[in-house]
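Have the sequence and the 3D view ready as you read.

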Amino acid sequence: MSISESNTNMNVIDRDGLDRLFEVLVSEGYLLIGPRVRDASVVYDEISSTRDMPVGLKDEQEPGRYRLHERGDGAVFGYVVGPHSWKRELFPPVQKLYQVQRNGGKPDMEAPAADVQKRALIGVRGCELAAMAIQDKVFVDGPFVDEQYKRRRENLFIVAVHCNEPAATCFCGSMGTGPAARSGFDLAMTEVIGGGIHEFIVETGTELGATMLDAVPHRESTEDDRVRRAMINETARQGMTRAMRTDDVHRLLTRNYESPRWEEVSERCLSCANCTMVCPTCFCSTVEDVTDLSGDHAERWRKWDSCFTSDFSYLVGGSVRPSISSQYRQWLTHKLATWQDQFGVIGCVGCGRCISWCPVGIDLTEEVAAIRESEHPAKRYV
Amino acid sequence: MSTIEMTSDMGVIGADPMLPSWYAVERVRRENHDTFTLELCACDGETAFGFQPGQFNMLYVHGVGEIPISISGDSERQDIVTHTTRAVGTVTRAMWQLKRGDTIGLRGPFGTVWPVEEARGRDVVIVAGGIGLAPLRPVLYSILHHRESYGNVVLLYGARTPDDRLFVDEILTPAVESRIQVDETVDRAVTGWGGKIGVVTSLIPRAGFDADEALAMVCGPEVMMRFTIEALQRRGMDADQIYVSMERNMKCAVGFCGHCQYGPTFICKDGPVFRFDKIEHLFGIREL
């Protein structure tokens, strides 16, 4: 569905209206989580108003490269995605599973209370909504349910933003997840800036979204607004330079477990795990046990883990995947192929984070293309 | 959010699949120099523990860690939960130190089961290597309880040395008495061993079963299973008559942690027992 066909109620708020919306959400008990700048990159953390946000900044991204620049305008959402993804709000990087106190008899076990904090996520992109829907399949839709994840998910208010200017690493267009947000939001905004205008065209996705928007000064959208919005989205779509072919990728990768390309990429890959940490869908975790000095009080923590470590696949006698080539093969083949067997969807949303944050600039779209190419070498005319 | 139904019990969390229940150690029994059997019973003394042959539990030792261990007991006994494992890691070493009355955290049972029901009325070939006999012991208990329901039953067992042989009194001897053909071999003999020496696959060509209709259940190191399957197939068995139990690193057992992936499968949910034709295409791939 293209954005111009969406049949949602559309209104317009001005620049001050955005801060007003934040105030409304806070007054309704929501913790605002949104983009802000830390360590020269856009991350997601608590914000209190647009003053905390990367106003007037743009990100320049290339394989192995991420830089923030001044835009020269006051755009609030004039960048795309940084090293953080929203998964940290639902599936925290470090989370206590339970603690146990030994006291002679049956130990006392205590699990953390349900996280009932309501969170409003500000500026969620189309690719990120798709990523959340993918993680739902892992943590909520399976035979077992991660209750903490589910509870946090239920308590979200999502303000989506359609991307106006994709980065060079973005390929959401070919993954069908962006640059416009499709579904799964309470409100979705198109930022309109230029020619003395700075407004947000707001679509309503849920009744809750409509209720919040009602408390903010707004006007109904006009035909002009809707045309402008469609044009902005079309420009974004056409501005995307990267793409990945996915129709054949499941069969391609699962018949290429022995491709020499895995060895080739392993000569560049540092197995640093950056790609898995920045990926908005990667869900692997490990556990860590800690005790106090007496040994009577023990805690069990869950932490993000990565298939790029040899510990990850350790069995008695050694690691199943000790080589970088088999680790990279596991990551890419899972992400793009076997994920489909497991969850019915591809595990990649085209956000490009793994490309930008790879220290050596490995680009998964290029790796897939190279494996495809290796099956059909270009004809050489001698 | 619209994608997930809101629940009314806000603030009350549902059953958390990562939280263990407490069991008390009833007995720790030494099997050989590095292998022991742990018998547990529910701390409340009432909870019946039901499982099917092939399934596993996650066992948690206070402050040390949690690991998957297959259940090696009799599935018709619900008062005792039995596990047999080698003390080769931090958690299993700590487990061997436990004494009667100590508590242990247990989650489970998890995973797929051996085809004990499908095998009724047919010949059964059980091939075990080393500790691989432990996950198969519940199958043997089941067959011993209902011996008349099965055709020819063959147990082929390979151990490292005669001293490493497991369950001699519980399984190997009663099996022979119940008309189960038990054929054993060891990698390395000691003085007094009058039996066979060599790999377990060498027992397959002459084992007494009807390859056209038998079911095979195989558990041991991956390389042993590979050669066993080849030998069974040379006898004329098809991939869909052969079942194997796979092992991978595992942290959660409920499909969250990602560690136990084997190609498209999660060993915890889709395994550990697989009909071989389901994973045949993955079996020879190195470092998968």
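This is a predicted model: local features need pLDDT of at least 70, side-chain atom pairs count only at pLDDT 80 or more; totals for chains, interfaces and linings use all residues.

Let's pick out A:Phe308 and A:Trp331. Their ring centres are 6.0 Å apart and their planes meet at 55°, so this pair is tilted, given that planes over 60 degrees apart would count as edge-to-face and those under 30 as stacked. Where do the two partners come from? A:Phe308 lies in the loop between strand E14 (297-304) and strand E15 (314-315) of chain A, while A:Trp331 is in helix H11 (residues 324-343) of chain A, so the pair ties together parts that are 23 residues apart in sequence. A:Phe308 counts as buried because its relative accessibility is 3%, and A:Trp331 counts as buried at 5%.

Now hop over to chain B, where B:Phe56 and B:Phe110 make a tilted aromatic pair, 5.8 Å centre to centre with 40° between the planes. B:Phe56 lies in strand E3 (residues 56-61) of chain B and B:Phe110 in strand E6 (residues 103-110) of chain B, so this pair ties together parts that are 54 residues apart in sequence. Both B:Phe56 and B:Phe110 are buried.

Next up is a sheet in chain A. Eight strands form an open sheet with mixed pairing, running in the order E3-E2-E8-E9-E10-E11-E1-E12. Strand E3 (41-46) and strand E12 (219-220) of chain A stand at the edges with a single partner strand each, so one side of each has no neighbour in the sheet. Strand E1 (residues 10-14) of chain A pairs with E12(A) in the antiparallel sense over two bridges. A:Val12 has A:Arg219 in E12(A) as its bridge partner.

Our last stop is A:Thr246, in the loop between helix H7 (223-238) and helix H8 (249-254) of chain A. A:Thr246 is partly exposed, with a relative accessible area of 26%. Setting aside residues up to four places away in sequence, A:Thr246 touches A:Ser174, A:Met175 and A:Ile346. The C-alpha atoms of A:Thr246 and A:Ile346 are separated by 8.6 Å, although these residues are 100 residues apart along the chain.

Conventions. Residues are numbered from 1 along each chain as its sequence is written. Chains are lettered from A and ligands numbered from 1 in the order in which they are written. Side-chain values use heavy atoms; hydrogens and water are left out. Rings of Phe, Tyr and Trp (its six-membered ring) pair if their centres lie within 6.5 Å; planes under 30 degrees apart count as stacked, over 60 as edge-to-face and the rest as tilted. Helices (H or I, at least four residues) and strands (E, at least two) are DSSP runs, numbered from the N terminus. Buried means under 20% relative accessible area, exposed over 50%, partly exposed in between (1.4 Å probe, protein chains only). Contact means heavy atoms within 4.5 Å. Two strands pair if DSSP finds at least two bridges between them.
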